[in-house]
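Here are a few exercises to work through with the model open beside you. Try each task before you read its solution.

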Amino acid sequence: MRPLDLICIGRAAVDLYGEQIGGRLEDMRSFAKYLGGSPANTAVGAARLGLKPAMLTRVGDEHNGRFVRERLAAEGVDVSQVRTDPDRLTALVFLGIRDRETFPLVFYRDRCADMALAVDDVHAGFIASARALLISGTHLSQPGPRAACERAIALAREHGTQVVLDIDYRPVLWGLTSPGLGEQRYVPSEAVSQQLQQIVALCDLIVGTEEEIHIAGGSADTLAALRRLRELSRATLVVKRGAMGCVAFDGAIPARLDEGVADAGFPVEVFNVLGAGDAFMAGFLRGWLRDEPLASCCRYANACGALVVSRHGCAPAMPSWTELAHYLDKGSAHHRLREDAWLEHLHRVTTRTRATTELAVLAFDHRTQFEEWTRELAQPAERIARFKALVAEAARQGAATMPCPGVIVDDRYGESVFPAMTGKHWWVARPVELPGSRPLRFEAGTQLALALRAWPTEHVAKCLVSYHPDDTPELRAQQLAQLQALQQACVATEREFLIEVIPPRELPARDDTLARSLAQIYAAGVRPDWWKLPPQAGADGWRQVAAAIHEGDPHCRGVLLLGLEASEDDLFESFRVAAPHAVCRGFAVGRSLFAPAATAWFGGRLSDDAVIADVAARYARLIRLWQEARHAPPA
């Protein structure tokens, strides 16, 4: 047993993907920023499929280097051997999707950090800790990183670590084309063939496209190239054939290509080939490192490739094991896989990187209530922002014992709060609803997606809807359409969203009112990451809510309890009822914590420091009450 399944050595970069599909790279106006670099993509893919990968590379001592390290770590990749280079910058790649055959890309890798990888970066104990070492062909193109790769291979052979070669042939990175021809996939070169052939004898698995097999084998005839590789190596040889699937050989090369262990590809639309090969490698390794038959390895690999060619991006497109298993078992009725709503939902919810077990949230996104207070007390509305800054400081002081504290705060008066709580350990949500609207309307009107694009991706969109299952059909349809628009906007901007459901007071409420509301929202295809719900009177109410959530989306993160300005004793009682139910993951309480201080502060009877102390103490007590309820022995 070794702690790691796989060490990926080589490229780790930032991909900047053009968002205008069908346009020239010259005409791109905006770009999506992703983790990139073939070995890094494969490491992410392997982690999502349940393997334990690590990266051995270098990044720059700058923002992009920190981005690469943080993204790898968030995906579950060991980054203990990701070195920070003090003199070089992290590599960049600009990519576009022109059509089904054309994917322009430009590498910015001149003196980049990962090509400074040196022999001294490779340690015997680390190599020995893994079952396999993945070498990227690109890192054999220059003397320094090649020496590091050769050192890693030698240590792997010494310690029984299997060696995998991803040929990963990019002619531009071998200096065989002009720098602007990054998309060119094949240029014959005897020198490159010779260098690759010096490595293949040391490998246990070699994977490449037909063109990559040609360059490694030194022949434009695929079978001849494979036979040359077999002369040099006993490795399992795998040929990626695009839409035709793949074929693998673990012995002699037969007379015909399809006489190997062949697996047909999946009939899907090719949207973006960039990253598909890395997904293929991750899928193949999922089976190969678990000693599964070659046929199974090929099936996993082809399915992973099919899923990734259907999406924008490389690393973020990698499927999870849950998603892959579903696709292999159920398939899809859609030729365009990205139009398969359930498959895309599975991808989204099973690749979330932020682990959130329980939340203690101080909610002070109230707008109408604060405006009413300032009018009643003849105070300028500008003071609201000042008070919210005090509440934010109280939250920081009061959350000392909570591993995952959170806030819900609005843009209108709380914008100054965001910088200090973003990029930290805080869970941050922001409201999108127009206060008091029924049917639901958004503060951004019809431009919700555009408004969300300006938010940090980690910020959660929170939406309060006054909803009752017995509303008129017309009202229900209007509200559900708005919630569908919310989901579309959040998916498009890669953010989580929370729906707060409060039944209107003027309509009768029964024990099943809330559960029926959730069921109707799920039936409309809306699957929020979080719910924020009123307390239930008894265990039966929570059981009905939990059943509705499990039926609608078993991957939902859970429920946060709202406070409705209840007293501390009433809150504790609601915690006591809710805490035994796993679906309840914490609380999001506001006025119960800050309302007493607010009325006194706006009335001139309480200082800034006293506000902070009062709200912090109330928040800390509420956290303790939740923890006590959560850990109380069963009744």
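A salt bridge here is a side-chain nitrogen of Lys or Arg within 4 Å of a carboxyl oxygen of Asp or Glu. We're working with a predicted model, where local features need pLDDT of at least 70, side-chain atom pairs count only at pLDDT 80 or more, and totals for chains, interfaces and linings use all residues. Residues are numbered from 1 along each chain as its sequence is written, and side-chain values use heavy atoms, with hydrogens and water left out.

**Exercise 1. Find out which parts of the chain the salt bridge between Glu565 and Arg591 links.**

Step 1: check the distance. The two side chains meet at 3.5 Å, N to O.

Step 2: Helices (H or I, at least four residues) and strands (E, at least two) are DSSP runs, numbered from the N terminus. Glu565 sits in the loop between strand 20 (558-562) and helix 20 (568-578), while Arg591 belongs to helix 21 (residues 591-602), so the bridge links distant parts of the chain, 26 residues apart.

Step 3: look at accessibility. Buried means under 20% relative accessible area, exposed over 50%, and partly exposed in between (1.4 Å probe, protein chains only). Glu565 comes out at 44%, partly exposed, and Arg591 at 24% is partly exposed too.

**Exercise 2. Which salt-bridge partners does Glu433 have, and is Glu433 buried or exposed?**

Step 1: take Arg367. The closest N and O atoms of this salt bridge are 3.0 Å apart. Glu433 lies in the loop between strand 16 (427-431) and helix 16 (448-453), and Arg367 in the loop between strand 14 (359-363) and helix 12 (368-376), so the pair ties together parts 66 residues apart in sequence.

Step 2: take Lys462. Its salt bridge with Glu433 has an N to O distance of 2.8 Å. Lys462 is in strand 17 (residues 460-466), 29 residues from Glu433.

Step 3: check burial. Glu433 is buried at 5%, Arg367 is buried at 3%, and Lys462 is buried as well.

Step 4: zoom out. Salt bridges with shared partners join Asp365, Arg367, Glu371, Arg412, Glu433, Glu443, Lys462, Glu500 and Lys532 into one network. The structure holds 45 salt bridges.

**Exercise 3. Work out how strand 16 is covered and paired.**

Step 1: sort the faces. In a regular strand the side chains alternate between the two faces of the sheet. Trp427, Ala429 and Pro431 are on one side of strand 16, Val428 and Arg430 on the other, and all are buried.

Step 2: find the neighbours. Two strands pair if DSSP finds at least two bridges between them. Strand 16 runs parallel to strand 15 (residues 405-408), with three bridges, and also parallel to strand 17, again with three bridges.

Step 3: pick out partners. Ile408 stands opposite Ala429, and Arg430 has Ala461 in strand 17 as its bridge partner.

**Exercise 4. Describe how helix 9 and helix 10 pack.**

Step 1: get the angle. Axes are lines fitted to C-alpha atoms, for helices over the stretch in contact, and angles run from 0 to 180 degrees between N-to-C directions. The axes of helix 9 (residues 294-309) and helix 10 (residues 321-330) come within 10 Å and cross at roughly 100 degrees.

Step 2: name the arrangement. That makes helix 9 roughly perpendicular (65 to 115 degrees) to helix 10.

Step 3: list contacts, meaning heavy atoms within 4.5 Å. Among them are Tyr300 and Leu307 in helix 9, and Trp321 and Tyr327 in helix 10.

Key
Angles under 35 degrees count as roughly parallel, over 145 as roughly antiparallel, 65 to 115 as roughly perpendicular and the rest as oblique.
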